[in-house]
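Let's take a walk through this protein together.

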Amino acid sequence: MRREEKPIAGVRYISRGAASSRSSHNAKRHQPAPPPACKASPIGLIGLFVLPIFWLILQFNVDLDRGVSPALGNLTQVEDALSKGVLRVATRVGPLTYYTSENGDIAGLEADLARTFASTLGVGVEFVPVSTLPEVYDLVRRGEVHMAAAGLIVTPERMEEVNFGPSYMQVRQQLVVRDGMGDPERLEDIGNAFISVVADSSHAETLQALNASNPEIVPQPMDKVTGTDLVAMLANKQLDYALIDSSMSRWAEKVFPEVKVAFEVGEPKDYAWAFPPGEDDSLHALAVRFVEERKQSGELERIINRY
């Protein structure tokens, strides 16, 4: 039998339930406040994406100021070619630039010159053939090749994009016609007939300049074709007139008897190799010496006459 306890005078008694409730309330009151929620700032998020891009652009410009192509890292053009053991050369397929002979050998004026130049460096050569002139210049500008040997004519517009080497051959631009188109002696004799040219070429620039003073001269730039293609289209009566280099017209008259030279247009033009833009002239300087030495020895003329 449970004995009933008598209350003691002056003592305040609290029930078990009340005590537990008060203890829980006190514990909650003394707990530390939770940290504030983290909110992402739109400006901060933009910065995370913009800053890396800004750094890459800045680094690209720094490399150009130093004269080093970003594609080559910290090496000069010559150092990169020597370290890889190969000279990368952009070119275009054509009978006077680069082609594969019947026995499988690489031939062409530009191919022979570039191969000879590479041998003076003690390296091999790797050709990167493309179809159009814009592709050639893009490879050079981006530093994906060490140079371009592709039948390039030096123009003021192109000089702002790449570094040209010394002239190794001068040519004249000539109007060629097919049989049945008469014997014009000057541009005025053909009226407002279309004159076909390779798009983005020096020939297109020549006709555009002439068109400014003589609106009857109508250039017809053609994409994704070469001078060889224009000659073949003339022979097949798909075109009436075309403007090409004298080196190409000599080849054309041998291969297509129905195509003939009418007259020359403009001043003589220089053929030259193109090098990446920037202050790095290590390869350019060697090309200058190479061309000058081959001119003096007569080797350059012998290679040119081969084609």
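Before going on, a word on what you're looking at. This is a predicted model, where local features need pLDDT of at least 70 and side-chain atom pairs count only at pLDDT 80 or more, while totals for chains, interfaces and linings use all residues. Residues are numbered from 1 along each chain as its sequence is written, and side-chain values use heavy atoms, with hydrogens and water left out.

Now step back to the whole protein. It has 11 helices and 12 strands; these are DSSP runs numbered from the N terminus, with helices being H or I of at least four residues and strands being E of at least two. Of its 307 residues, 41% are buried, meaning under 20% relative accessible area with a 1.4 Å probe, protein chains only. Take the contacts (heavy atoms within 4.5 Å) with a separation of 6 or more: 74% of them join residues 24 or more positions apart.

Back to helix H5, residues 133-141. Its buried residues are Leu 133, Val 136, Tyr 137, Leu 139 and Val 140. They line one face of the helix, because they fall within an arc of 155 degrees when seen down the axis of H5 (the arc is that of the directions from the helix axis to the C-beta atoms). An α-helix has 3.6 residues a turn, so residues three or four places apart point the same way. What covers the buried residues of H5 includes strands S1 (86-92) and S4 (124-130), along with H6.

Helix H6 (156-159) turns up again at the largest pocket, where H6, helix H7 (202-213) and strand S11 (259-271) each supply at least two lining residues. H7 gives the most, with five. This pocket holds about 180 Å³ of space. Of the 14 residues lining the largest pocket, those closest to its centre are Ser 202, Glu 205, Thr 206, Ala 209 and Lys 269. A pocket here is an open set of points on a 1 Å grid over the protein atoms alone, with protein on both sides within 12 Å along at least five of seven lines, and lining residues have an atom within 4 Å of a point. Its volume is the space filled by probe spheres set on the points, which are joined across faces, edges and corners.

The second largest pocket has about 150 Å³ of space. Its lining includes Leu 96, Trp 251 and Tyr 307, and helix H9 (246-255) gives the most to that lining, with four residues.

Terms used: Buried < 20%, exposed > 50% of the residue type's maximum accessible area, 1.4 Å probe, protein only. 1 Å grid on protein atoms, 1.4 Å probe; cavity = no way out; pocket = protein on both sides within 12 Å on 5 of 7 lines; lining within 4 Å.
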